[in-house]
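Please read this report with the sequence and the model side by side, and look up each residue as it is named. The sections go from the overall fold to single pairs of side chains.

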Amino acid sequence: MKQFRLLFILLIFYGNFSVVAQEEPADYVNPIIGTSNYGATYPGPIAPRGMASISPFNVAGPQNLPLEKDSQWLSNPYVHENTFLTGFSHVNLSGVGCPELGVLLLMPTTGELETDHLKYGSTYRNELAKAGYYSTQIDKYDVRAEFTASTRVGVSKFSFPKGQANVLLNLGVGLTNEEGAMVQIVSDTEIQGMRSVGSFCYNSPEAAYPVYFVVKFSKPADNFGVWKKPAFYEGVEAQWMTYNGKTRIMERSTKMVVGDSIGSYFTYNFDKPEAIEVKIGVSYVSIENARENLEQETGGKSFEDVYKETYNAWNETLSKIKVEGGTKEDKTIFYTALYHTQIHPNTLNDWNGDYPEIKTGKIGNTKGTRYTVFSLWDTYRNVHQLLSLVYPKQQSNMIKSMLEMYDENGWLPKWELNSTETFTMVGDPASIVIADTYLKGIQDFDVEKAYEAMLKSADQLENNPLRPGLKDYIEKGYLTTDHGGSVSTTQEYNAADHAIALLANALGKKDDYKRFRNRSLSYKKLFDKDLKMLRPRLQNGEWYEPFDPNEGANFAENVGFIEGNAWQYSFMIPHDVPGLIKLMGGNKGFTDQLQKIFDTEQFDMANEPGIAYPYLFNYVKGEEWRSQKMVEELVRKHFKNTADGLPGNDDTGTMSAWAVYSMMGFYPVSPGDPKYTITKPLFDKITIQLDSKYYKNKELVIEKVGKGRIKQILINGKKHKGYFVSHDELANAKTLKVTLE
């Protein structure tokens with residue numbers, strides 16, 4: 001009996017252990033992925049679609065050369081291979097290509113107070129990054145720094161050794177191109193203030209805006225103060241300035257201090273090792289709202305409480321897709337990619353619903369979520385399609401946010417950031433996203449207002465910030481070389497017009513359907529049949545000479561194309577691939593030319609124009625195996641469980657969305673068209689939870705059986721012809737089974 005009892009106890013123990021040890025989707029997230037190779041992600045914590053985020057800031061100072069913020073174009077607050085830390089920023093952007101935000105730097109130090117970040121900076125070690133959590137050991141001070149975040153609050157925990165401890169809030173250092181801040185110490189446990197940010201991509205410098213903050217400490221400080229370092233002045237007046245160019249320390253000051261190089265410090269004298277928790281609430285509306293955000297989300301909660309809530313939120317979000325089979329590395333790559341798609345667009349409104357309207361200067365209020373950071377030239381291709389399928393409520397609120405921007409600004413967003421329009425990149429991508437969303441059955445928004453907004457951007461010839469050069473486009477069918485990026489911009493206008501045509505058709509607007517459908521095919525006027533690619537034309541209609549199709553690779557400027565060359569744009573006609581096949585002389589000519597892009601290393605996985613190219617072989621019967629082979633090879637080559645595990649800028653989740661789709665075995669090959677093309681899944685089983693408000697089934701199960709190339713595709717057990725499936729057919733199916741041979 002004793003033996004049986006012991007066996008029973010052991011079975012219970014190991015059974016419970018296996019349950020405890022079972023990894024959840026959030027456990028696979030590795031935020032270090034993409035923090036090198038210009039991926040521009042950061043390893044610190046953020047809640048799903050959070051306003052506040054925390055990143056170690058290691059791009060300041062000569063110790064970090066050559067990847068130092070003042071020495072080159074650098075858009076990220078953290079680079080994995082850098083070694084010199086100057087603090088932890090509390091509002092950040094993930095995966096973007098232009099420097100912005102990366103401000104409100106908190107830094108723990110020990111010993112005598114030092115306010116110069118180049119002097120108080122330190123090396124660090126033992127980094128640990130998880131969903132909703134980051135920690136590191138700061139060498140110079142032997143301080144363990146831990147971080148988590150709620151939606152609008154960053155939470156820090158600093159474990160200090162015995163002796164003098166300092167917590168610095170540096171408002172002078174940041175990634176943003178804008179300067180100016182104010183800070184005021186409210187009490188021995190609280191600070192409030194503002195930091196000015198803006199000038200994304202050095203555009204619209206007049207549109208700089210404030211981010212407000214309130215800081216609360218878990219213990220009263222023994223001493224506190226502010227510092228200010230003015231610029232160095234010359235001339236007679238400067239002779240009277242004993243503090244000219246020198247840092248002034250204002251001990252125990254509770255006055256509001258304004259300037260560029262300013263900050264505050266809280267000092268403690270510990271007779272034993274102690275931990276301090278620091279919470280920073282942020283708002284783009286007011287200090288009062290920042291304080292309310294902090295209290296409502298984290299008031300009375302410990303560091304561990306906040307982390308647990310954020311971890312659970314991440315796990316719930318990522319559990320919308322469950323994958324089985326594959327290696328642990330595969331799951332890490334997949335769930336980290338899905339994690340990256342859930343950072344931007346992010347929350348702009350405060351706890352009480354307030355948010356800054358775009359352009360009006362007024363404060364709006366929402367009962368839902370006002371989203372911001374719409375990098376639409378990137379995300380219109382796959383991110384929003386993923387959200388429509390897996391997170392349709394999010395996508396619905398994003399469309400509503402776009403329409404609010406139209407009400408406030410008179411235009412749909414192009415590249416919107418914290419209620420400023422940066423007008424970065426080209427095209428009219430919001431029209432594509434809205435049409436795509438509506439045609440996928442997410443229709444709980446004002447589609448007539450949306451259609452009105454789309455027609456305005458598509459037809460207004462004068463003072464049109466979304467479609468410059470529209471007059472030439474309508475009259476000639478293309479932009480001429482009088483306009484930058486004439487060919488690629490024409491292609492973007494074609495893509496938007498195709499989406500508008502599809503929406504017009506769905507709304508019964510037949511004349512508009514025909515008009516925009518015809519407009520969407522004007523790329524043919526730029527097709528050079530000898531080169532079998534698109535080519536820029538002059539104002540008089542003649543070809544631009546001399547023309548080198550290779551010119552423009554690696555983001556070099558060139559005539560005709562934005563961020564690419566003729567090769568990298570020659571197949572960016574996803575809405576009319578059959579027409580492009582005809583222009584290229586049929587299936588063989590099309591296949592040979594497409595394959596040549598990969599064989600001659602013209603394909604650029606790091607940039608958006610060509611990311612659908614690996615899937616285009618599916619349009620040619622008998623060549624589908626090339627897509628299967630190419631997609632898997634590209635996933636394995638460019639997406640890894642390493643700091644350089646992204647091919648380049650994540651572009652607010654676009655590259656990650658490509659990986660998510662590609663590993664699941666299908667892809668939204670033509671933005672605006674409610675359809676997918678199918679390839680080989682990289683997992684044995686994928687279960688996608690579906691929102692019952694938008695879809696009739698609870699889940700979609702994708703299974704892969706066998707090895708090799710695709711032999712048969714079954715939808716709900718019935719053989720499916722071809723490699724394309726409509727959104728309705730897939731979303732309302734229960735099973736998609738891919739049999740390999």
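## Terms and ground rules

Helices (H or I, at least four residues) and strands (E, at least two) are DSSP runs, numbered from the N terminus. This is a predicted model, in which local features need pLDDT of at least 70 and side-chain atom pairs count only at pLDDT 80 or more, whereas totals for chains, interfaces and linings use all residues. Residues are numbered from 1 along each chain as its sequence is written, and side-chain values use heavy atoms, with hydrogens and water left out.

## The overall fold

By this assignment, the protein chain contains 19 helices and 34 strands. The C-alpha trace of the protein chain spans about 95 × 80 × 45 Å along its principal axes. A compact globule of 741 residues would have a radius of gyration near 27 Å, and the value for the protein chain, 27 Å, agrees with this; the radius is taken over C-alpha atoms, and the globule rule is 2.2 Å times the number of residues to the power 0.38.

Of the 741 residues, 62% count as buried, where buried means under 20% relative accessible area, exposed over 50%, and partly exposed in between (1.4 Å probe, protein chains only). The protein chain exposes about 28,400 Å², of which carbon and sulfur atoms supply 50%; such areas come from the Shrake-Rupley method with a 1.4 Å probe, and for residues only the protein chains shown count as cover. Among the contacts in the protein chain with a separation of 6 or more, 68% are accounted for by residues 24 or more positions apart, a contact being heavy atoms within 4.5 Å.

## Aromatic rings

The structure holds 32 aromatic pairs. Rings of Phe, Tyr and Trp (its six-membered ring) pair if their centres lie within 6.5 Å, and planes under 30 degrees apart count as stacked, over 60 as edge-to-face and the rest as tilted. In one of these pairs, the ring centres of Phe 334 and Tyr 335 are 5.2 Å apart and the planes stand at 85°, so the pair is edge-to-face. Phe 334 is buried, with a relative accessible area of 0%, and Tyr 335 is buried as well, at 2%.

Tyr 473 and Tyr 493 also make an edge-to-face pair, because their ring centres are 5.3 Å apart and their planes lie at 85°. Since Tyr 473 lies in helix 11 (residues 470-476) and Tyr 493 in helix 12 (residues 486-506), this pair ties together parts that are 20 residues apart in sequence. Both Tyr 473 and Tyr 493 are buried. The ring of Tyr 493 also has the charged end of Arg 467 sitting over it, 5.2 Å from its centre; the rule for this is that NZ of Lys or CZ of Arg is within 6 Å of the ring centre and within 35 degrees of the ring normal. Elsewhere, Phe 88, Tyr 134, Phe 147, Phe 158, Phe 160, Tyr 268 and Phe 270 form one aromatic cluster.

## Salt bridges

Side chains of opposite charge can pair when their charged atoms come close. A search of the whole structure finds 33 salt bridges, each being a side-chain nitrogen of Lys or Arg within 4 Å of a carboxyl oxygen of Asp or Glu. In one of them, Glu 23 pairs with Lys 328, the closest N and O atoms being 3.7 Å apart. Glu 23 lies in the loop between helix 1 (2-21) and strand 1 (55-56) and Lys 328 in helix 5 (residues 328-340), so the pair ties together parts that are 305 residues apart in sequence. Glu 23 is partly exposed at 31% relative accessibility, while Lys 328 is exposed at 53%.

Where in the fold do Arg 515 and Asp 512 lie? Both are in helix 13 (residues 510-519), three residues apart, about one turn of the helix, and the closest N and O atoms of their salt bridge are 3.6 Å apart. Arg 515 is partly exposed, at 33%, whereas Asp 512 is buried, at 17%. In helix 17 (residues 624-638), Lys 629 and Glu 633 are four residues apart, about one turn of the helix, and they form a salt bridge with the closest N and O atoms 2.8 Å apart. Lys 629 is partly exposed at 44%, and Glu 633 is partly exposed at 40%. Salt bridges that share partners join Asp 428, Asp 459, Arg 467, Asp 497, Asp 512, Arg 515 and Arg 519 into one network.
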